[in-house]
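Please walk through the fold of this protein with the text below.

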Amino acid sequence: MIKHLISTQQFSNAAEIENFFILAKELERLDQKDKLPQSLKNKAVACLFYEPSTRTRLSFETAALKLGGSVISSENAKEFSSAAKGETIEDTARVISNYADALVIRHYERGISKRAAKVSPALITGTGISGNSSKELNTHKKAPYIGAPGVSRECCAAPSARFQETPPNPQRE
């Protein structure tokens, strides 16, 4: 089982991806009936966004709330966190893991989510320049919307290649 979802490359076979989609489709169905499991009850999700991404941040925050969790968030962590004073992502992940059960990290540097995952006992999911696992999964032809239940797939679909890292955006480097 995958502990940290950083890239679609982590899925070892088509069956793992298919099972992931089956679960997502079931959650979507339960959300439509207003019967989502409260699987994140008494759990906190920290959203650490070092670059702007309103739809992605709100999608993850909405999903956490709908599943009964709470959210702590840093919308502009590049400027308004200890990163501005030089704190490493490893230190940040280690400390935030004391407050949260899962971390969603959107960062402008390559490999940041992998670095955070090495030191964090909390679940890590990464988005940003090295790819966006939730958007990559959304491009798969069998994919239900992967993200916040009740949020349309069209608003967050990405043009990234199926199951490959998103190519670097020269405007963000």
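**Contacts, confidence and packing**

Among contacts in the protein chain between residues at least 6 apart in sequence, 65% join residues at least 24 apart, where contact means heavy atoms within 4.5 Å. This is a predicted model, in which local features need pLDDT of at least 70, side-chain atom pairs count only at pLDDT 80 or more, and totals for chains, interfaces and linings use all residues. Residues are numbered from 1 along each chain as its sequence is written, and side-chain values use heavy atoms, with hydrogens and water left out.

The predictor's confidence in each residue is given as pLDDT, from 0 to 100. Its mean over the protein chain is 76, and 72% of the residues reach 70 or more.

The protein chain has 5 helices and 4 strands. Helices (H or I, at least four residues) and strands (E, at least two) are DSSP runs, numbered from the N terminus. Along the sequence their pattern reads α-β-α-β-α-β-α-β-α. Of the 173 residues, 43% are buried; buried means under 20% relative accessible area, exposed over 50%, and partly exposed in between (1.4 Å probe, protein chains only).

How do α3 and α4 pack? Helix α3 (residues 89–96) and helix α4 (residues 112–119) lie with their axes 8 Å apart, at an angle of about 50°. That angle makes α3 oblique to α4. Axes are lines fitted to C-alpha atoms, for helices over the stretch in contact, and angles run from 0 to 180 degrees between N-to-C directions. Angles under 35 degrees count as roughly parallel, over 145 as roughly antiparallel, 65 to 115 as roughly perpendicular and the rest as oblique.

On the α3 side, Ile89, Glu90, Ala93 and Arg94 meet Ile112, Arg115, Ala116 and Val119 of α4. By class, this contact has 5 nonpolar, no polar and 3 charged residues. Ala, Val, Leu, Ile, Met, Phe, Trp, Tyr, Cys and Pro count as nonpolar, Asp, Glu, Lys and Arg as charged, and the others, Gly among them, as polar.

Serine 70 belongs to strand β2. With a relative accessible area of 38%, serine 70 is partly exposed. Not counting residues up to four places away in sequence, serine 70 touches Lys43, Ala44, Val45 and Leu65. Serine 70 and leucine 40 are 30 residues apart in sequence, yet 7.9 Å apart in space, C-alpha to C-alpha.
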